[in-house]
Amino acid sequence: MTARIPVVAGNWKMYKTPSEGAAFVSALASRIGIPVGVEVLVAPPFTGLAAAVTAAEGSSVEVAAQNIFWEEQGAFTGEIAPGMLADLGVGWAIIGHSERRQLFGETDQAVARKVRATIDHGLRAILCVGESEQERDADLTEERLTSQVAKGLGELSAGGCSELVVAYEPVWAIGTGRTATPQMAQEACALIRRRLAEIVGAEEAEYVRILYGGSVKPDNFAELMAQPDIDGGLVGGASLDVESFARLVEIAVA
Ligand code: PEP
């Protein structure tokens, strides 16, 4: 069985000013030190990226963007290109978060272009997939995940999978306090790995980290992390507090 290094990623959404974010990164870095066997990242809003990168220098904390646009440059008011983020020292981008899909009309095709552009520019992509509550109730979870994985990888060049992390985030569990049971999360993550294997081959799929996201907290994370196909967490609310985020990092390495 392949050893996959866990990832604990904090999605700050539209919280924290640049100075709050920098102070958080400094406090987190001294709280966790240089933990072995885990990758730790925070995703501030665009305005906080530069300050977070500076604060993270020399520490174990990496910085992710919450979104990107796929073009290199041009007349795309309000958008940010992956090359601009790479130049800033940002190493990762979250792509296709359900809030972007639902609130900002992001389509599977846009997600596929963003995944490709992120990886083509040397950043690592966290592709978010997950079913809505209606889809789960209608027994459409498998169909939805299969389609989101296939479409999300639709533009990826050969070998691009090595820079890809997938986050399984059931929409009904995000920010609601309702976590998927470890068994439900494991089933979904195992399904995602099987679908990845069909697309990129079983060997490559074994190396892809699959994170669970949806109301992760220090008191439910250990059981989720114990599942064989869960390789970390994409965390919203609990990533906004240094102590709870640091606890999640400790659980991931335990
Ligand atoms: C998220 O924003 O990706 C998320 C999972 O949020 P929360 O942990 O607050 O449910």
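Where is Cys161 found? I located Cys161 in the loop between H7 and strand S6 (164-168), taking helices (H or I, at least four residues) and strands (E, at least two) as DSSP runs numbered from the N terminus. Before going further I noted that this is a predicted model, in which local features need pLDDT of at least 70 and side-chain atom pairs count only at pLDDT 80 or more, while totals for chains, interfaces and linings use all residues. I also noted that residues are numbered from 1 along each chain as its sequence is written, and that side-chain values use heavy atoms, with hydrogens and water left out.

**Cys161**

I looked up the accessibility of Cys161 and found it buried, with a relative accessible area of 3%; buried means under 20%, exposed over 50%, and partly exposed in between, with a 1.4 Å probe and protein chains only. Setting aside residues up to four places away in sequence, Cys161 touches Leu156, Val200, Glu204 and Val208, where contact means heavy atoms within 4.5 Å. I then checked Cys128, which is 33 residues from Cys161 along the chain, and the C-alpha atoms of the two are separated by 14 Å.

**Cores**

I went on to the nonpolar cores, each a set of buried Ala, Val, Leu, Ile, Met, Phe, Trp, Tyr and Cys residues joined through side-chain atoms within 4.5 Å. The largest has 64 residues, and those touching the most other members are Leu28, Val115, Leu164, Ile192, Leu196 and Tyr212. For Leu196 I listed contacts with Val149, Leu153, Val166, Gly201, Ala205, Val208 and Ile210, again not counting residues up to four places away in sequence. A second, separate core holds 13 residues, including Ala64, Ile94, Cys128 and Ala167.

**Arg195**

I placed Arg195 in helix H8 (residues 182-200), and at 15% relative accessibility I count Arg195 as buried. Its side chain is joined to that of Glu198 by a polar contact of 3.0 Å; such a contact is a pair of N or O atoms within 3.5 Å, and within protein one must be able to donate a hydrogen and the other to accept it, with residues adjacent in sequence counting only if both atoms are side-chain atoms. Beyond four places in sequence, Arg195 touches Glu142, Thr146 and Val149.

**Ligand and Lys13**

I found 14 residues around the ligand, of which Lys13, Glu169, Gly175, Ser215 and Gly236 come nearest; a residue is counted there if one of its heavy atoms lies within 4 Å. An oxygen atom of the ligand lies 2.7 Å from a polar side-chain atom of Lys13, one is 2.9 Å from a side-chain N or O atom of His97, and one is 2.8 Å from a polar backbone atom of Ser215. The protein covers 96% of the 290 Å² of accessible area that the ligand has on its own, by the Shrake-Rupley method with a 1.4 Å probe.

I returned to Lys13, which lies in the loop between strand S1 (7-11) and H1 and counts as buried at 18% relative accessibility. Its phi is near 50°, a positive value in a residue other than glycine. Most residues other than glycine have a negative phi.

**Asp139**

I also looked up Asp139, which has a positive phi of about 65° although it is not a glycine. Asp139 is found in the loop between helix H6 (133-137) and helix H7 (141-152), and is exposed, with a relative accessible area of 71%.
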